[in-house]
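Hi there,

Here is the structure I promised to pass on to you. Have a look at it first, and then read my notes below.

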Amino acid sequence: MRPAGFTKRRRNALIAAGLLLLFGLAANAGRVLVVNDPQKADVIVVLAGETDRRPARALELLSQGYAPRAVIDVPAAARIYGISQTELARKYIEQLPQAASIEMCPIWGLSTRDEARDVETCLRGREAHRILIVTSDFHTRRALAIFRHEMRGKVFSVAAAEDASQYGTRWWAHRQWAKTFLDEWLRLFWWNTIDRWR
């Protein structure tokens, strides 16, 4: 029979090892959300949202030759101070030096899954087998999974648009980062356990 002290030490060692493992997983969970691996493509698709970061990242990739053209997703029904987002996007695109290589895709859905379906409609009939998605860094893993699921037969890669005011992989360091981290992990969990099976 083992002495009581041995069993207690073993239990404490297992608890300590479990806590270290949990801490290690939590510390790296912020990095898991981010995929930043842009590949050459037929088209760059800029997902709707964060209009000060995502289009800028796409323009950078366009000028680096990652694709010959880009499509910017714009919420079709949204208005800002009485002006439609599609009108604002059109004016924005027209003033760009690369305007001839950029077009707008009106998005009607409110989820990334719906957006993937709208993008598929916009790209129908065009040479777009390889697609480079541009979205916020924290949204890259989920967006990539959703587009691969919804638009089968296409090859996807993703580029992260970073915004230090919204997110950082050391998610515990700032309140906003922690909020974004928890929100995105909940959405990723929901996608993997519920939405992708519908």
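**Helix α6 and the rest of the chain**

On one side of helix α6, Arg 175, Leu 182, Leu 186 and Phe 189 are exposed (over 50% relative accessible area, with a 1.4 Å probe and protein chains only). The buried residues of α6 (under 20% on that scale) are on the other side: Trp 177, Ala 178, Thr 180, Phe 181, Glu 184, Leu 188 and Trp 191. Viewed down the helix axis, these buried residues fall within an arc of 160°, so they line one face of α6; the arc is taken from the directions from the axis to the C-beta atoms.

A word on the source: this is a predicted model, where local features need pLDDT of at least 70, side-chain atom pairs count only at pLDDT 80 or more, and totals for chains, interfaces and linings use all residues. Residues are numbered from 1 along each chain as its sequence is written, and side-chain values use heavy atoms, leaving out hydrogens and water.

Helix α6 covers residues 175–193. The chain has six helices and seven strands, which are DSSP runs numbered from the N terminus (helices: H or I, at least four residues; strands: E, at least two). In sequence order they follow the pattern α-β-α-β-β-β-α-β-α-β-α-β-α.

Of the chain's 198 residues, 41% count as buried. Ile 83, in strand β4 (residues 83–84), is at 39% relative accessibility, so this residue counts as partly exposed, the class between buried and exposed.

Enjoy exploring!

Conventions: Expected span 1.5 Å × (residues − 1).
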